[in-house]
Amino acid sequence: MRPLLLHLAAMAAGLLGAFPVPAQEPVPVATLDSNTILIGQQVRLDLSVEYRADGGTVNIQWPLIADTLTAEVPVLHDSHVDTILPEREKDPFLFRQVRTLTITSWDPGYWAIPPFAFVINGDTVLTGPLLLTVNTVAVDTTKAIRDIKEIYSVPFSLLDWLREHWPWVAGGLVAAALLTALFVVLYKRARRPKPVAPPAPPQPVHLRTLLALEALRQQQLWQQGRHKEYHSELTGILRAYIEERFAVPAMERTTDELLAGLRLSAMPRSQQERLEAVLRLADMVKFAKWNTLPAENEQALAAAVQLVQETADAPTHAPLA
Amino acid sequence: MELESTPTASDTLRALNARIQEASSFVDLIDGEMQKTIVGQKDMVQKLLVALLADGHIMLEGMPGLAKTLAIKTLSEVVAVGFSRIQFTPDLLPADLVGTMVYSPRSEEFTVKKGPVFSNFILADEINRAPAKVQSALLEAMQERQVTIGSGTYKLPEPFLVMATMNPVEQEGTYPLPEAQTDRFMLKVVLDYPRKEEERSIIRQNTGAGARIPVQKVIQPQDIINARQLVREVYMDEKIERYIVDIVHATRKPADHRLNELTSLISFGGSPRASIYMALGAKAHAFTKRRGYVIPEDVRAICPDVLRHRIGLTYEAEAENVRVDEIIGKVLNTVEVP
């Protein structure tokens, strides 16, 4: 009989082990890291709910926490809810929701922190109440009242300043880098030799002179009675031609000096005589109020044109003897 | 070719040209007579005539023995006028020049004794050897054409021409003429030695057995006075006037005429009197060439002699041995001829 009883007991024990035991209901916990603080000192209030997730969904609603827990206990910081696995290796189905509040109090006394109401799977579960003792600083009333301390001047620290202003510094550096790059690009572009069109070949002096003489003819100066102007222009064109064509300074020389200078030039003798006739006539008109006949005016221009045409291909300098 | 159609202008210039052609014939005669005694130095003779016709005075600078005295003495013989030669010395007094009051015991009164300045042609020899007060007396007579002795003022005879000489060597014990006084001379002519052929003629002329060839009077003083009036009537176109002004202005502000290199060399340029004398000298030069109008050649011929004593050189120019004639040459080669 006794072995049978033992056997039945063993079977009962085996059956009990084979069926899962219902999980423990989640219980919220609220703890203070210190129950006693000095006035204004900060203290941490940890809220947590531990539960298993292998038994189905657990619905946990946290209490609403405003700026203060009570009128004397303000909340300085709220970490909000975080879910962690406290024993990941051993029990991967065990979860814990945690929330940390940083609180303080500016009023000395004993302040009760009321229980926090959690709604877990539709049931309201309360944490235990907490008591926070806030002590004030001991004041020596035998001494005189002193003024508050002056404002401390914190020594400047570049590191601190950079920590605070690093976005501006970084932005400035980036902007400076961009501007430098832009400047370099523009500078290189400006330095790059621009393609220049090849200059047009200079017009031969005799062609320019002939054009100037033709322009003078078309102005019809002597026909308007402007004889002096006509001959001044005519001799001016011729002098410029001689200066460029034969390299004889002509603009700063008198008629005599110019003719003397041309004697050593390559200008043919016949052309020198023709030039002399034009210059002498012009001198009379310019300096002696001489008025020429129309034929003389036309002849002077024709002589100038002929002189230019016939000396266009002559050598610049006289051949060496 | 014909003269301008405006009757007044053409007739005037035609008539003027004809008159000058006729009146200036004596120039060749004077030139011919001068060449009887003066060998070479044609430029000096030409400038003497220009100064005489332009009613100016002339300063000659040259070594001794270059016929300076002979030239003006011969000119006075040719023109038939009085001639005085005054040797300027350190002990000369103004009274020795202009004259003084002399007491006459017989009449018991002072009488005026005129000095050698009362002559038509004056040769002021080595003018820089006399003190400033004597120079000043002569220059005042040149300017005013009259002299005051005692309480009387006496006009100098016409034509009146002063030819002053200066010796470029032996500068010790001299009194250099200040710029304000040299400015009163119309021309300053620098004489050079004669050429070899000319010097041979001089030797023959002065060492031969024959007597010195006498010069003839070919013109009367009144003819010179009349000619001076004609010289002032010689036509000068406004282009020539502008040319003269440009040249004188270039000596004052060379940078305005592309002559920047002269700026540091010139301390002062030609005065307005330089422009006046250049215009007058150009007219006289045109007259001697028997023309009734001035051409640029006349201006260029007279320009160096008018400007030579009117341009001041800086210390820098003197240190670099730059001569005034070089500056004038650069100015003439830069200013555009009309």
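Which residues in α10(B) meet which residues in α12(B)? Before turning to the viewer, note that this is a predicted model in which local features need pLDDT of at least 70 and side-chain atom pairs count only at pLDDT 80 or more, whereas totals for chains, interfaces and linings use all residues. Residues are numbered from 1 along each chain as its sequence is written, chains are lettered from A and ligands numbered from 1 in the order in which they are written, and side-chain values use heavy atoms, with hydrogens and water left out.

**First stop: α10 and α12 of chain B**

Select residues 238-252 and 296-307 of chain B, which are helix α10 and helix α12; helices (H or I, at least four residues) and strands (E, at least two) are DSSP runs, numbered from the N terminus. Their axes come within 11 Å and cross at roughly 30 degrees, where axes are lines fitted to C-alpha atoms, for helices over the stretch in contact, and angles run from 0 to 180 degrees between N-to-C directions. That angle makes α10(B) roughly parallel to α12(B), given that angles under 35 degrees count as roughly parallel, over 145 as roughly antiparallel, 65 to 115 as roughly perpendicular and the rest as oblique. The crossing of α10(B) past α12(B) is right-handed; a crossing is left-handed if the near helix is turned anticlockwise from the far one by less than a right angle, and right-handed if clockwise.

Now show side chains: B:I240, B:Y243, B:I244, B:I247 and B:T251 of α10(B) meet B:P296, B:V299, B:R300, B:C303 and B:L307 of α12(B), contact meaning heavy atoms within 4.5 Å. By class, this contact of α10(B) with α12(B) has eight nonpolar, one polar and one charged residues, where Ala, Val, Leu, Ile, Met, Phe, Trp, Tyr, Cys and Pro count as nonpolar, Asp, Glu, Lys and Arg as charged, and the others, Gly among them, as polar.

**Second stop: α4 of chain B and its two partners**

Select residues 68-79 of chain B, helix α4, together with residues 25-37, helix α2. These two helices pack at an angle of about 135 degrees, with their axes 10 Å apart, and α2(B) and α4(B) are therefore oblique to each other. The crossing of α2(B) past α4(B) is right-handed. On the α2(B) side the contact is made by B:I30, B:E33, B:M34 and B:T37, and on the α4(B) side by B:L70, B:A71, B:T74, B:L75 and B:V78. The contact of α2(B) with α4(B) comprises six nonpolar, two polar and one charged residues.

The structure holds two cavities of 30 Å³ or more. On a 1 Å grid over the protein atoms alone, a cavity is a set of points where a 1.4 Å probe fits but cannot get out, and a pocket is an open set with protein on both sides within 12 Å along at least five of seven lines, while lining residues have an atom within 4 Å of a point.

Stay with chain B and select B:D31, B:M34, B:Q35, B:I38, B:G40, B:Q41, B:K42 and B:V45, which line the second largest cavity, of about 30 Å³. α2(B) gives the most to this lining, with three residues.

For the largest cavity, of about 40 Å³, move to chain A and select A:L259, A:R263, A:R269, A:Q272, A:E273 and A:E276. Helix α6 (residues 269-287) of chain A gives the most to this lining, with four residues, and by class the lining has one nonpolar, one polar and four charged residues.

About 720 Å³ of space lies in the largest pocket. Of the 24 residues that line the largest pocket, B:E61, B:K188, B:R308, B:H309 and B:V324 are the closest to its centre. The lining has 11 nonpolar, six polar and seven charged residues.

**Last stop: A:F95**

Finally, select A:F95 in strand β7 (residues 94-103) of chain A. The C-alpha atoms of A:F95 and A:E50 are separated by 5.7 Å, although these residues are 45 residues apart along the chain.

How values were computed
Points joined across faces, edges and corners; volume = space filled by probe spheres on them.
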